[in-house]
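Colleague: Could you put the model up so that we can go through it together?

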Amino acid sequence: MHIIIGGTGHVGSATARALLRRGEPVTVVTRNAGHAAGLRDAGAKVAVADVRDVQALRAILRTGTTALLLNPPAAPFTDTDAVERANAAAIVDAVTGSGLRKAVAISTFGARAGEPCGDLTVLFEFEEKLKAQAVPVAVNRGAYYMSNWTEMLDTVRHRGKLPSFFPADAAIPMVAPHDLGEAAAQRLMEPEDRTDTIYIEGPRRYTLRDVADAFAQALDRPVDVEVIPRHAWEQTFRQLGFSAEAARSYVCMTGTVLDEQDRWPDDPVRGSTTLEDFICASSNRKY
């Protein structure tokens with residue numbers, strides 16, 4: 001049995017469906033059973049638990065042999081680093097003593113030690129704590145999620161403008177959740193001793209202009225790029241409802257994406273979903 005923590009999110013649900021297509025047994029863990037109705041209909045079992053409830057989560061993990069470990073994102077109005085660190089610590093505690101044969105942790109490009117920088121440092125610490133306990137853990141580091149752009153869909157549809165913190169011509173590694181799910185499913189089915197760290201991105205790198213053009217094609221209307229200058233990033237995050245702590249974290253993460261391109265891997269695992277196909281599908285349904 002494969003246990004999927006965060007099974008109703010983009011990557012968790014994609015992983016669950018990829019496993020179900022392979023005829024594998026799956027249990028998705030969620031705080032709200034109603035969010036998992038589609039996965040239940042597809043053949044998954046559903047377990048209800050909060051990731052902070054270590055005893056309940058460990059009990060669910062003990063019913064499985066492998067697990068996908070996703071640290072759920074914190075609400076932006078909170079101190080996101082503090083919340084996500086607490087979530088990660090609870091997941092690690094639940095995995096310890098669970099008896100799992102293997103786990104796969106979802107992390108991110110650019111994960112690294114150092115001064116706090118949002119997911120980059122939170123997920124690196126998550127990786128390190130998982131590696132320090134007895135259950136073998138493989139790490140999948142994903143590129144910038146294509147699904148992040150779907151948050152802009154209504155704005156693009158109604159205003160014909162795509163706002164972004166990235167310069168229009170900066171080529172960024174991006175990946176579709178479907179491809180992350182396929183990669184995670186494959187890793188869960190691999191032998192226990194396959195615990196290396198891999199990087200996953202889409203067929204090629206894309207610029208903000210590419211994203212705008214993909215929306216223009218999908219929506220059949222012109223779409224202009226609206227770049228937010230770096231000096232206005234923190235203020236913009238605050239205007240969007242982010243806490244002061246979250247705004248600083250997201251500014252750090254965004255800046256790192258642009259400033260540390262030399263740290264991106266040269267030989268990632270490449271998914272097959274293009275940005276154009278993803279945006280087209282997303283524009284016709286809420287992804």
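Colleague: What is the relative accessible area of Arg 194?

Modeller: Arg 194 comes out at 39%, which makes it partly exposed. For the classes, buried is under 20% relative accessible area, exposed is over 50%, and partly exposed is in between, with a 1.4 Å probe and protein chains only. Bear in mind that this is a predicted model, where local features need pLDDT of at least 70 and side-chain atom pairs count only at pLDDT 80 or more, while totals for chains, interfaces and linings use all residues. Residues are numbered from 1 along each chain as its sequence is written, and side-chain values use heavy atoms, with hydrogens and water left out.

Colleague: Which side chain does Arg 194 meet in a salt bridge?

Modeller: That of Glu 190, at 3.8 Å from N to O. A salt bridge here is a side-chain nitrogen of Lys or Arg within 4 Å of a carboxyl oxygen of Asp or Glu. Glu 190 is buried, with a relative accessible area of 15%.

Colleague: Which residues are linked with them in a network of salt bridges?

Modeller: The network links Arg 187, Glu 190, Arg 194 and Asp 196. Arg 187 is also among the buried residues of helix α7, including Leu 180 and Leu 188. The helix α7 covers residues 177–189 and reaches 18 Å between its first and last C-alpha, close to the 18 Å expected. Helices (H or I, at least four residues) and strands (E, at least two) are DSSP runs numbered from the N terminus, and the expected span is 1.5 Å times one less than the number of residues.

Colleague: How many salt bridges does the count come to?

Modeller: The count is 18. One of them joins Glu 127 and Arg 141, with the closest N and O atoms 2.8 Å apart. Glu 127 sits in helix α5 (residues 119–131) and Arg 141 in strand β6 (residues 137–142), so the pair ties together parts that are 14 residues apart in sequence. Glu 127 and Arg 141 are both buried.

Colleague: And what is the distance for Arg 159 and Glu 226?

Modeller: Their closest N and O atoms are 3.3 Å apart, and they form a salt bridge. That pair ties together parts 67 residues apart in sequence, because Arg 159 lies in helix α6 and Glu 226 in strand β11. Arg 159 is partly exposed at 42%, and Glu 226 is partly exposed at 29%.

Colleague: Switching to the sheet, what is the order of the strands?

Modeller: It is an open sheet of eight strands, β3-β2-β1-β4-β5-β6-β10-β12, with parallel pairing. β3 (45–48) and β12 are at the edges with a single partner strand each, so one side of each is left without a neighbour in the sheet. Two strands count as paired if DSSP finds at least two bridges between them.

Colleague: How many bridges join β6 to β10?

Modeller: Four, and the two strands run parallel; Val 139 has Thr 197 in β10 as its bridge partner. Two bridges join β10 to β12 (residues 269–270), where Ile 200 stands opposite Val 269.

Colleague: Which strands does α5 lie across?

Modeller: β4, β5 (102–108), β6 and β10, running at about 165 degrees to β5. Helix α3 (residues 54–61) lies across β1, β2, β3 and β4, at about 150 degrees to β1. Axes are lines fitted to C-alpha atoms, for helices over the stretch in contact (heavy atoms within 4.5 Å), and angles run from 0 to 180 degrees between N-to-C directions.

Colleague: What do the buried residues of α8 pack against?

Modeller: They pack against α6, β8, β9, β11 and α11. Those buried residues include Leu 208, Val 211, Phe 215 and Leu 219. The twelve residues of α8 (208–219) should span 16 Å, and the end C-alpha atoms are 16 Å apart, which agrees.
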